[in-house]
Every structure is written in C-alpha cells, then in structure tokens.
Amino acid sequence: MQESNLTQKSFQIIKCEECDASVTTPLILNKDEQAECPRCHHHLATGGRWSVHRCAMVALSILILMPFALGYPLLSLHLLDVKIDASIWEGIWKMSVAGYEYTAFMVFICAVVMPITFAILVIMLWIAKILHIKPRSVLLFLGYIKPWVMFDVYLVALGVTMFKVREYAILEINVYLIPFIFTALLTTLLFIKLNLKALWKEFYPENEPAYDAKNIELCDACNYTFSKNGIHHDKKNNPRCPRCLSPVHISDNIKLQRTWASLIAGIVMLFPANLLPISGIYLTGSLSEDTLISGVISFVNMGSYFVAFVVFFASIFVPISKAAILLYLLSCVHFKWRHSIKWQIRLLHIVHFVGRWSMLDLFVLALMMSLVTRGEIINFTVGPGAFYFGAAVFCSMISTSQFDSRLIWKIYDREK
C-alpha cells in the first residue's frame, strides 16, 4: 500500500534534520495535522500556517509600532525632583557614549537591528510573491536571525529593572510601554505562525520531493530532501543544494571544529564576566560595584526573591550550564559514550531554548544607564565584566547553532 501511494506521488520521503532518519510523509497536510519523526519525535512538517499576506500585515504592524517601542520613554524615574525617562534607544546611546560602545553594540544588535530586520524580511517575502521573484537569500536569512530577535527577553528585562530601581526613587510607567508590549507579542506571534519549510515549498514548487529513500540527500540550510541525481554543482564542481545553493557536504570534523572554537571562546569569556564588576552605582562620589552574584544577593536582601531567581537563572546558571552541557555532548561525540540518547537530545533542546535569555542582564544594564543618572549625586555605570558577559552569550549561541545533533545519533546507530 505504501509503495502504491509513493508511486502515485501522494507521499514523499523526508530526511529528519535531527536524527537523519528517512521518513515517509504525505505531500499535503491538513490544517490540524503535522508530520513527526517516529524515531526522535522531531516535527518534520505542519499543515497549519499563515499566508504570506497575513504575515506581512503583522510585520508591517510591527514596523509601525517600532518607533514608539524603541524611541519613546517606557519608564520614568522621579529622582531628586527631576523626571528621568528611559527608552531602549536612550539606554544604548548613554552606554555607548560612556565608553562601553562594544557592549552597547551587542544590545543594539539584539534589541533594535534584528527585530527590525526580521519584520522587513517578512515584508520582502510578500513583495517577492507579488512580483514573482525567488527570495532565496531572504528565506535563508530569516532562518539564521530568528534566535537573535530578543524583544521578549527585553520585556522581561523591563520587569527586572522596575524592581531594581525602586530602591532609588519613585517609578512611573509611561503609556508608550503599551506599543512596546504589543510589538513583543506580535513578534512572538509571527515567530509561531511563520512556517519557513512551507514557504520554501511555496516559492520553489519546481523542486520536486524525493521518493527513493536509498538515494537522497538533506540540505542543512533549507532542510530540503532531494535526490542525489539532481544535486547542483558550482563552478568549482562543489556539490550544492539545488534549491538554496548552499554547500551540502560539510564534514563532521569541520562542524566539530566550529563548535569547539566558539565554545572555548565563550568559556574563556565567562571567567572575567563572573569575576569582574558588571555594574556600579556612584552615590555622592562613592562607587559601589556589583558582580553577577552580588547583584543576585542584593535582590535577595531587598526581599525580591522571584526577581533574584530570574536574574540568577538567566545570568549565572544558564551560561555555565550551557557550557557544561555542550562540553558533555561534544565529549560524547569524541569518545563515543553510549549514554541515553533521549536525555542527550533533551539536553540539547534545553540549550537551544534558554541560551538567548542570558542577554537579560545586558538589557537591564542598558535601561539602568538611562534611568539612574543625576550628575555628581547619583549615577549608574556599566562595569568591565558586561562586555565579557555579552561576548560569552554570543559565543555560546553560535556554538549551539553549529552543533549537529546527528553526530549523537550516529553513535546510537553504531550501538544498534
């Protein structure tokens, strides 16, 4: 029965990008259906998605709200009878002119550049559909930048900042916080409803699916399963994906080298990030500095236990645990450790999910830079540890994205 369906081309063969298993799935899924790998339970395809037009309208709404969310004051602090406003752009600007331009640039990339770029790319897909253009680069770039859009993380950073500045003065919430919240919610909604796999099929229907499980190849860039007979070659005769033209034969050694290089760099950065002060407060000329752990202790002393837990989890526990988990998984690959594949993959999923939340501390620093400032009486400053902390987060995110879960499954397959 299965062979008959394959012959009638109502089914296709898809290679799972997580465990490399060949799975037979329907060509067309209903709205409430999704295809799942029977071995690792990874979602291969889903039938429910928004149209390009609807996604573009949401992206356009995000761009309309973006100036209010970024440039206008979200919070105000009444400090010594003076009202001080805090906006995302103001915090980044004050951080850069205070001599911490590299730290400010990291916040600028994640809080301003990536969200705007994400919305613009979705609108470009809509324009490409109207003009019948093949948006290969747009689709590839959308897949790359999604983990770096951190408006939801900045929303949590606002809450942490509100608890932190209560000890200095009266805090006021401005009306412009409403467009910021809507922008964060719309961006998250667009993440959920934007189905890149379905969009690749919609824009490139001429690339037929594979029907022979013994003669197929998987592209890591666009997740396209195609027949080896239809592989594309560039001018140097290097094999490339026929749909997105990305290299398809990247050796396991190169993948491991990329992962190790970024992971080691991140681990090195973690030492000064935890030992050096990350922030400081000038009170009547006297400087009081805080490291990551002392900042958590100050929240505990204030009685804000939940906020202390959030900051500790995002700023200390997550970066260190990410490095430990990646070291463990890389050791499993190198030394062929035959541990539970279920727990190894679950650990990798956890690392993918929580890694971006470590930027929480840098966002709080940017907001504090714009809020707590009153000349020689009281002033907030960023410490030297902030740059190393941001660099460690960036390196760990790059390392996670470079790690290929199929390397773990190969050990499992040898054991079987």
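Buried means under 20% relative accessible area, exposed means over 50%, and partly exposed is what lies in between, with a 1.4 Å probe and protein chains only. By that scale Trp337, at 35% relative accessibility, is partly exposed.

Before I go on, this is a predicted model: local features need pLDDT of at least 70, side-chain atom pairs count only at pLDDT 80 or more, and totals for chains, interfaces and linings use all residues. Residues are numbered from 1 along each chain as its sequence is written, and side-chain values use heavy atoms, with hydrogens and water left out.

Rings next. Rings of Phe, Tyr and Trp (for Trp, the six-membered ring) pair if their centres lie within 6.5 Å; planes under 30 degrees apart are stacked, over 60 edge-to-face, and the rest tilted. That rule gives 16 aromatic pairs. One of them joins Trp337 to Phe335, with 5.6 Å between centres and 20° between planes, so the pair is stacked. Phe335 itself is exposed, at 57% relative accessible area. Elsewhere, ring pairs link Phe151, Tyr154, Phe180 and Phe363 into a cluster.

Two charges sit over rings, where the criterion is NZ of Lys or CZ of Arg within 6 Å of the ring centre and within 35 degrees of the ring normal. Lys134 lies over the face of Tyr204, 5.2 Å from the ring centre. Arg346 has its charged end over the ring of Trp343, at 4.8 Å from the centre.

Now helix packing. Helices are DSSP runs (H or I, at least four residues), numbered from the N terminus. Axes are lines fitted to C-alpha atoms over the stretch in contact, and angles run from 0 to 180 degrees between N-to-C directions. How do H9 and H11 pack? Helix H9, residues 252-275, and helix H11, residues 305-335, have axes 11 Å apart at an angle of about 150°. They are therefore roughly antiparallel, a label for angles over 145 degrees, with under 35 being roughly parallel, 65 to 115 roughly perpendicular and the rest oblique. Contact means heavy atoms within 4.5 Å. The residues making this contact include Trp260, Leu263 and Asn274 of H9 and Ile316, Pro319 and Ala323 of H11.

Last, Leu292, which is in helix H10, residues 292-302. Is Leu292 buried or exposed? Leu292 is buried, at 4% relative accessibility. Not counting residues up to four places away in sequence, Leu292 touches Ala273, Asn274, Ile278, Ser315, Ile316, Asp361 and Phe389. Asn274 is 18 residues from Leu292 in sequence, and their C-alpha atoms are 6.0 Å apart.

Key:
Helix = DSSP H or I, 4+ residues; strand = E, 2+ residues; numbered from the N terminus.
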